[in-house]
Amino acid sequence: MGGAVVDTGDSGVKAPDGGWGWAVLFGCFIITGFSYAFPKAVSVFFKELIREFGVGYSDTAWISSILLAMLYGSGPICSILVNRFGCRPVMMVGGLFASLGMVMASFATNIIHIYLGTGVITGLGLALNFQPSLIMLNRYFSEKRPLANGLAAAGSPVALCCLSPLGQVLQYEYGWRGGFLILGGILLNCCACGALMRPLKAPKKTSEVDQKESKSKPKLLDFTVFKDRGFLIYTVAAAIMVLGLFVPPVFVVSYAKELGNEDTKSALLLTILGFIDIFARPTCGIIAGLKWVRPRCVYLFSFAMIFNGTTDIIGSMAKDYPSLVVFCIFFGVSYGMVGALQFEVLMAIVGTERFSSAIGLVLLVEAIAVLVGPPGAGRLLDATNNYMFVFLLAGCEVVLSALVLGICNMLFIKRKPQQPDPPAKMEMAITETEMEELNKAPKDNQDNGGGENGKKQAIEHEVMTKSDDKKVDEPESIGVDSIEVETASKKVTEPNGVVVEPESSL
């Protein structure tokens, strides 16, 4: 990459919690919206694709499945590229891939071309944007990180509310080919969002040890995260959760149609769900940032999953449209809580330095669950022809993941003792230095008299008083005190003006 600045993540720079971080948050908001909403927005064109290529609905459904599989499954590749080249260049290249895939798909002559263009290439491009944006958000925010995660996660429902109607307008005005071409141009905004990801500059390192550390290359993929019990528990719980988390939004519209509601009325349920989700995510981020909540963020995440799973179980008993509306309201709240907390909890578990590797490995595990969950629910629906069992299964899977996360953290994770603050450490270091100087003084002046001892006792008492009041002078002032002691020990002036040596007076 020549002379480009590579943001390795271990720069020692304190997170600014604002400033340019708000621009990074805006970019992350846009990228999160594209990543999660685009697979659903593409489904608007499925009917025209079925008519164009003479395929079935299950064939077109593979477009969204491949896109999601690339978004999740390419996590380790993203981690390696980010650790090697940094977030900004990876995101800008990813934006080009995302746009190129849609443009290529607009010239497709069969469904396989759509799989390769929209599914593989665009999916890879979105993955190269989604993961680095979260990594940069983690580096720019520390104290305000829960709020930042909540605001960034709100990009998903906002984009869904915008892209789905836009896709319908584009299909009506320009057909699916013109719609794909325009959406490809819109995805070029990922490059602009990538340009916002300015790496934090590290301070100049002066010591030889720091210079050696700066020259050492970071690990491309840090597998030591698997030694962390908290990370293992989170990964298992997240995999179980994903099995059922995305099932209700996929089947709720079909469920409403099964109950005899019109298509427009049934589609309104997703709009209600998304509208509630928009406000639930930032609100949950604010709650997670409270001082007494943030240390227990894992348990708040467990509660959100229990809330979501219980909503699915109760919603399976819905028999009319009003009950489905109530279900979508509560599901939107719980779904927003899960979306706002899932990456915040992972950041809190592994820390900033290992987050780039951890998120890639977690997304890879979740990719398998994403490919198994909705298709498995579809097979259950084909076998039973009853939506109640689909929602029950999804709710039980999400509740099980919450129990795994909460109970295992209580049993196997010990709370680490709090480390002293840096100012406290500095105060302790200064006090020890002063005491060492005081201990050296008797060795240098063993033959001095009682006046010298009184002076040293006064200095020692003054130092201890300063340390108690937490107003310790700089270590350089200690040398001045020792000079005063030596001066006092050498010459004493009598009232009559005669200078007398202390030793001779003894």
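**Entry 1: salt bridges**

The model I am reading is a predicted one, and a search of the whole structure gave me four salt bridges.

I looked up R354 and D228, whose side chains meet in a salt bridge at 3.2 Å, N to O. I noted R354 as partly exposed because its relative accessibility is 22%.

I then turned to R145 and E344, which form a salt bridge with their closest N and O atoms 3.1 Å apart. Here too the pair links distant parts of the chain: R145 belongs to helix α7 (residues 145–153) and E344 to helix α15 (residues 321–384), and they are 199 residues apart. I recorded both R145 and E344 as buried.

The salt bridge of R177 with E52 has its closest N and O atoms 3.5 Å apart. R177 sits in helix α8 and E52 in helix α2, so that this pair, 125 residues apart, also links distant parts of the chain.

**Entry 2: aromatic pairs**

I went on to the aromatic rings, pairing those whose centres lie within 6.5 Å, and by this rule the count came to 17 aromatic pairs. For F53 and W176 I read a centre-to-centre distance of 5.7 Å and an angle of 65 degrees between the planes, so I put the pair down as edge-to-face. The pair links distant parts of the chain, with F53 in helix α2 (residues 46–53) and W176 in helix α8 (residues 155–186), 123 residues apart. Are these two residues buried or exposed? F53 counts as buried at 17% relative accessibility, and W176 is buried with a relative accessible area of 3%.

F226 and F231 form another aromatic pair that I noted as edge-to-face, with 5.4 Å from centre to centre and 75 degrees between the planes. On accessibility, F226 is partly exposed, with a relative accessible area of 35%, whereas F231 counts as buried at 0%.

I also found that F251, Y255, F327, F331, Y335, Y387 and F391 form one aromatic cluster.

**Entry 3: charges over rings**

I next checked for charged ends placed over aromatic rings. The charged end of R198 sits over the ring of W20, 4.4 Å from the ring centre, and the charged end of K265 sits over the ring of Y321, 4.6 Å from its centre.

**Entry 4: Q342**

Last, I looked up Q342, which lies in helix α15. I classed Q342 as buried because its relative accessible area is 11%, under the 20% cut-off that I used for that word. Which residues does Q342 touch, not counting residues up to four places away in sequence? I listed Y36, Y234, M241 and F301 as its contacts.

Note on methods: Residues numbered from 1 in each chain as written. Predicted model: local features only at pLDDT ≥ 70, side-chain atom pairs only at ≥ 80, totals over all residues. Heavy atoms only, no water. Phe/Tyr/Trp six-rings, centres within 6.5 Å; stacked < 30°, edge-to-face > 60°. Helix = DSSP H or I, 4+ residues; strand = E, 2+ residues; numbered from the N terminus. Buried < 20%, exposed > 50% of the residue type's maximum accessible area, 1.4 Å probe, protein only. Lys NZ or Arg CZ within 6 Å of the ring centre and 35° of its normal. Contact = heavy atoms within 4.5 Å.
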